[in-house]
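Student: I have a structure open and would like to talk through its architecture with you. Could we go through it piece by piece?

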Amino acid sequence: MDVNSILMQSPMPICIFRGKEYVIEFANDFYLQILGREKDIVGKPLFESFPELKNQGIKALIDGVIQSGIPYNVNEHEARLMRNGKAEQCFFNCIYQPLREQNGVITGVIVVFTDVTDQVNAKNIIAESRKKLITELSIANIELAFQKEEKGKRAAELGIANIELAFQDDEKGKRAAELGIANIELAFQDDEKEKRAAELGIANIELAFQNDEKEKRAAELIIANKELVFQNNEKERREIANTKLEVLSISLKLASQYSLSLIEASRDPLFTISPQGKITDMNEATVKVTGVSREQLIGSDFFDYFTKPDKAREGYQEVFAKGFVADYPLTIMDGKLTDVLFNGSVYKDDKGNVLGAVVVARDITDQKRIEKELREAKVAAELAQSKAESATIIAED
């Protein structure tokens, strides 16, 4: 596995610093793109290329990671970077991971960035919506107080109308007595209709039961046929897979401790797959999310771990057809059914032959929760406005 090729084509910004001057040893294309810089910064000291970082505490942070050997996370770091082709105010979750040599000495730091701009913007929108809702509710309460006062006035006016209604109710009572005999006759007729309906109901229940039994038998037959076809397909696929697993295992042995430390730096599930859809490597986050051991994951079909395997299969085929895929929605089949956005790109050997693809399944559970809260806030605001308008109409009547 070509580590530099995987890192260079990773859908996440990645940068590596080494030495006392924090010389930039590596920066992938995505990192250069969002910073709007050229590759000429590689080989230069970090603070020479980015002097503005000196006053942001970055040097002390990097020193702490190197001295302690403990990774450090920075959540929602604000920066003005290139995004969607233009300079925008962006927010990133950054992971500073110590880089160890084979002798255990820490000589540098690996930094992996995750773009959380959309989540932060969504939180700000929800805060503004809540503030607006509170203002609108205050206005509605003032309006309701005015309406209550108007209702009091209307109640006095309705007193005379109630006296008139009492007289009319007395007259209706007299008419009701006259209608009593007619109602007794209608009650008898309704009772007869209910008896006939009960007899018809029993017949309908029996017919429905028979139809339901027929449908169950038909469904069981269809399931049995599908299971037979699936077993035949699985048998053929396993035979092909077993032949190719020996070749895949050789490439797995070539993965160095260096590449594993980079992959493990991501908190989102990150793994590599072969052109045949087999998992060839993964980080610890993948093991935790799927609940399956690393030994069981390697060599298995990656789309078996999603709630919609066919959709997952189409996603990985798109990666190898186009060379990449971005924000492809899937749901990981774990205890919580985690919603993720599937991002990936192929990696190649020195001759340009595609060896596989590296993919990241970014957890969007929090993003969906924020979107839901935003929708609920909008509905609540609209409901409050509707109640205020209804109260105004009632008061005017």
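Tutor: Let us begin with a hairpin: strand 9 and strand 10 form one, with 5 residues between them. In its turn, G352 has a positive phi of about 85 degrees. Please keep in mind that this is a predicted model.

Student: How many bridges pair strand 9 with strand 10, and in which sense?

Tutor: The two strands pair over 9 bridges, in the antiparallel sense.

Student: How much of strand 10 is buried?

Tutor: Of the 10 residues of strand 10 (residues 354-363), 7 are buried, so the strand is largely enclosed by the rest of the structure.

Student: You mentioned F271. Is its side of things buried or exposed?

Tutor: F271 is buried, with a relative accessible area of 6%.

Student: Let us turn to aromatic pairs. How many are there?

Tutor: The count comes to 11 aromatic pairs. One of them is formed by F271 and F302: the centres are 6.0 Å apart and the planes make 40 degrees, which is a tilted arrangement.

Student: Why does that pair matter for how the chain is put together?

Tutor: F271 lies in strand 6 (residues 270-273), while F302 lies in the loop between helix 8 (294-297) and helix 9 (309-322), so the pair ties together parts that are 31 residues apart in sequence. F302 is buried as well, with a relative accessible area of 1%.

Student: Which other ring does F302 pair with, and why is that pair called stacked?

Tutor: F302 also pairs with F342; the ring centres are 5.9 Å apart and the planes are at 25 degrees, so the pair is stacked. The cut-off for stacking is planes under 30 degrees apart. Because F302 is in the loop between helix 8 and helix 9 and F342 is in strand 9 (residues 338-348), this pair ties together parts that are 40 residues apart in sequence. F342 is buried at 1% relative accessibility.

Student: Which residues do the ring pairs link into a cluster?

Tutor: The cluster consists of F271, F302, F303, F306, Y316, F320, Y328 and F342.

Student: Which charged residues lie over the faces of F303 and Y328?

Tutor: R313 lies over the face of F303, at 4.1 Å from the ring centre. K311 lies over the face of Y328, at 6.0 Å from the ring centre.

Student: A change of topic: which residues other than glycine have a positive phi?

Tutor: Among them are Y22, with a phi of about 55 degrees, and D327, with a phi near 50 degrees.

Student: Where are Y22 and D327 placed?

Tutor: Y22 is found in the loop between strand 1 (14-18) and strand 2 (23-27), whereas D327 is in strand 8 (residues 324-332). Y22 is buried at 6% relative accessibility; D327 is partly exposed, with a relative accessible area of 42%.

Student: Last topic: how many disulfides are there?

Tutor: The count comes to 0 disulfides.

Student: What about C90 and C94, buried or exposed?

Tutor: C90 is buried at 1% relative accessibility, and C94 is buried at 2%.

Definitions and conventions. Residues are numbered from 1 along each chain as its sequence is written. This is a predicted model: local features need pLDDT of at least 70, side-chain atom pairs count only at pLDDT 80 or more; totals for chains, interfaces and linings use all residues. Side-chain values use heavy atoms; hydrogens and water are left out. Rings of Phe, Tyr and Trp (its six-membered ring) pair if their centres lie within 6.5 Å; planes under 30 degrees apart count as stacked, over 60 as edge-to-face and the rest as tilted. Helices (H or I, at least four residues) and strands (E, at least two) are DSSP runs, numbered from the N terminus. Buried means under 20% relative accessible area, exposed over 50%, partly exposed in between (1.4 Å probe, protein chains only). A charge sits over a ring if NZ of Lys or CZ of Arg is within 6 Å of the ring centre and within 35 degrees of the ring normal. Two strands pair if DSSP finds at least two bridges between them. A disulfide is a pair of cysteine sulfur atoms within 2.5 Å.
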